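Good morning, and thank you for coming. Please look at the structure on the screen while I take you through selected parts of it.

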Amino acid sequence: MNALTALQPQLSLSLADWLADLAVDALIDEADLSPKPGLVDRRGSGAHTDLHLGLMHASALALWPSFKAMAEAAQQRGEVDQQLRDEVGRLGRDGEAEMLRVTDGVNTHRGAIWALGLLSAAAALESDALAPAQVALRAARLALFNDRAAPVAADSHGAQVCRLYGVHGAREEAQLGFPAVVQQALPQLARSRAAGVGEQSARLDALLAIMTQLADTCVLYRAGMAGLTCMQSGARAVLAAGGCASLDGRRLLRELERDMLRLRASPGGAADLLAATLFLDRLQHGLPAQLGSL
Ligand SMILES: CC(C)(COP(=O)(O)OP(=O)(O)OC[C@H]1O[C@@H](n2cnc3c(N)ncnc32)[C@H](O)[C@@H]1O)[C@@H](O)C(=O)NCCC(=O)NCCS
Ligand SMILES: Nc1ncnc2c1ncn2[C@@H]1O[C@H](COP(=O)(O)OP(=O)(O)OP(=O)(O)O)[C@@H](O)[C@H]1O
């Protein structure tokens, strides 16, 4: 061992550590990405009065142990079944409690805990089958089990608008295998990258691709069907004009942001699914060298 090697810390990275790192990185990258219409980003708080970038970062970092625990639970159980669903549900609720403790009661990442928690567990179950569609399908199978220990919940905002408008929300998006991520966002991310636009514009395009179709219950709750239609048609217009890297696309993105701020509409569900997109995108490049033997 030479002197330099002796000074290097011994890295012992487990699969669960790595998945938790990816989940937290995805949340931080999502929060930092700018300019996002209506959402918290580097420029400000978007349509929110109780959220800011520092709070989003603190919340993301506080969730690391929860994502790690969900991945470990999946590794220990080894298969998608009712017991794993119960365990992931319990850990997800603990994660929500930790989020609320760190943020002093503000909902920064409820939908993200749900999506990234399921995906972390699904990835940990089979570390040699990490293609986005494979991971999303395992997550869907897990989401289809009933969370038997879930408390009889107060009527959430999402549940209220799903009933009112007959749309599907965060639960069904997961149960369907995250179609907004697998069929919209990841293909758009690949197309924009292939067109040679910068990474930040490619990620914004991926967010817009989600917004073109999603029944985002955050938007529906705050701004009704008019807000949802504004979000979807505005996102379509930006992409049709050439996306966020083009001058016309940028102009339409500013218009979309202005309209969404006027309606107080914030696409929080789309933001969560962008984080899920960034997680699956990193995952598909395979395990880091230290984990290669797993
Ligand atoms: C299924 C969840 C997301 C609750 O959904 P519900 O729509 O009832 O709740 P709520 O309106 O409070 O939050 C929904 C969240 O999903 C995001 N979201 C909104 N619309 C969508 C959509 N169409 N697709 C995906 N995500 C969306 C939003 O950002 C929001 O934060 C989940 O948090 C849950 O079941 N919580 C109970 C505790 C639990 O079982 N936890 C285990 C987690 S593994
Ligand atoms: N960058 C971001 N900016 C804003 N919201 C985000 C961002 N990233 C993710 N989100 C999601 O948006 C949700 C916040 O939405 P919202 O404020 O509408 O929720 P709420 O507190 O339940 O409702 P309301 O504030 O309308 O009473 C969070 O749960 C989070 O998952």
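This is a predicted model: local features need pLDDT of at least 70, side-chain atom pairs count only at pLDDT 80 or more; totals for chains, interfaces and linings use all residues.

I turn now to ligand 2. Around ligand 2 there are 22 residues, of which Leu39, Val40, Cys218, Gly268 and Ala271 come nearest. At least two residues of its shell are supplied by each of helix 2 (15-32), helix 6 (110-125), helix 12 (217-240) and helix 14 (268-283). By class, the shell around ligand 2 consists of 9 nonpolar, 9 polar and 4 charged residues.

Next, the packing of helices. At what angle do helix 6 and helix 7 pack? The angle between helix 6 and helix 7 (residues 132-143) is about 115 degrees, and their axes are 8 Å apart. The crossing of these two helices is right-handed. On the side of helix 6, the residues in contact are Leu118, Leu119, Ala121, Ala122, Ala123 and Leu125, and they meet Val135, Arg138, Ala139, Leu142 and Ala143 in helix 7. This contact has 10 nonpolar residues, no polar residues and 1 charged residue.

A second pair is helix 10 (residues 179-194) with helix 11 (residues 199-211), whose axes come within 8 Å and cross at roughly 150 degrees. Helix 10 is therefore roughly antiparallel to helix 11. Helix 10 also passes helix 11 in a right-handed crossing. In helix 10, the contacting residues are Ala180, Gln184, Ala185, Gln188, Leu189, Ser192 and Arg193; they meet Ser201, Ala202, Arg203, Asp205, Ala206, Ala209 and Ile210 in helix 11. Sorted by class, the contact of helix 10 with helix 11 has 7 nonpolar, 4 polar and 3 charged residues.

Finally, let us consider two individual residues. Is Ala20 buried or exposed? Ala20, which is found in helix 2, is buried, because 24 other C-beta atoms lie within 10 Å. Leaving aside residues up to four places away in sequence, Ala20 touches Trp64, Phe67, Lys68, Ala71 and Ser120. Along the chain, Ala20 and Ala289 are 269 residues apart, and their C-alpha atoms are separated by 17 Å.

The other residue is Gln75, which lies in helix 4 (residues 64-77). With 16 other C-beta atoms within 10 Å, Gln75 is partly exposed. Among residues beyond four places away in sequence, Gln75 touches Leu15, Ala16 and Ala124. Gln75 and Glu98 are 23 residues apart along the chain, and the separation of their C-alpha atoms is 23 Å.

Thank you for your attention.

Key:
Residues are numbered from 1 along each chain as its sequence is written. Chains are lettered from A and ligands numbered from 1 in the order in which they are written. Axes are lines fitted to C-alpha atoms, for helices over the stretch in contact, and angles run from 0 to 180 degrees between N-to-C directions. Helices (H or I, at least four residues) and strands (E, at least two) are DSSP runs, numbered from the N terminus. Angles under 35 degrees count as roughly parallel, over 145 as roughly antiparallel, 65 to 115 as roughly perpendicular and the rest as oblique. A crossing is left-handed if the near helix is turned anticlockwise from the far one by less than a right angle, and right-handed if clockwise. Two residues are in contact if their C-beta atoms, placed from the backbone, lie within 7 Å. Ala, Val, Leu, Ile, Met, Phe, Trp, Tyr, Cys and Pro count as nonpolar, Asp, Glu, Lys and Arg as charged, and the others, Gly among them, as polar. A residue is near a molecule or strand if its C-beta atom, placed from the backbone, lies within 6 Å of it. A residue is buried if 20 or more other C-beta atoms lie within 10 Å of its own, exposed if 12 or fewer, and partly exposed in between; C-beta atoms are placed from the backbone.
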